[in-house]
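This report describes one protein chain and then one position within it. The sequence and structure come first.

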Amino acid sequence: MEEAQLSTGEEVLAHAVELLRNPGVTPPGELRFCVRRLSDALRDALRVAESRGGRMA
């Protein structure tokens, strides 16, 4: 599950980078959607980090 979450985060980040290359061209709705997805991906990555940290203790 962790691998899938981190992989999705990488994909969303790559998409966001592409959108930000031409911010005046990207529709605002698409930018909002991307920010929402980035927020979800960051939340998942933090959960993975917390989980891995707990296993190391």
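Which backbone oxygen does the side chain of T26 reach at 3.3 Å? The side chain of T26 reaches the backbone oxygen of N22.

## Basis of the model

This is a predicted model, in which local features need pLDDT of at least 70 and side-chain atom pairs count only at pLDDT 80 or more, while totals for chains, interfaces and linings use all residues. Residues are numbered from 1 along each chain as its sequence is written, and side-chain values use heavy atoms, with hydrogens and water left out.

## Overall form

The protein chain has two helices and zero strands (DSSP runs, H or I of at least four residues for helices and E of at least two for strands, numbered from the N terminus). Its C-alpha atoms fill a box of roughly 45 × 15 × 15 Å along the principal axes.

Of the 57 residues, 18% count as buried (under 20% relative accessible area, with a 1.4 Å probe and protein chains only).

T26 sits in the loop between α1 (2–21) and α2 (28–56). T26 counts as buried because its relative accessibility is 11%.

Besides the backbone oxygen of N22, that of L19 lies 3.3 Å from a polar atom of the T26 side chain. Not counting residues up to four places away in sequence, T26 touches L19 and L31 (contact means heavy atoms within 4.5 Å).

Notes. Buried means under 20% relative accessible area, exposed over 50%, partly exposed in between (1.4 Å probe, protein chains only). A polar contact is a pair of N or O atoms within 3.5 Å; within protein, one must be able to donate a hydrogen and the other to accept it, and residues adjacent in sequence count only if both atoms are side-chain atoms.
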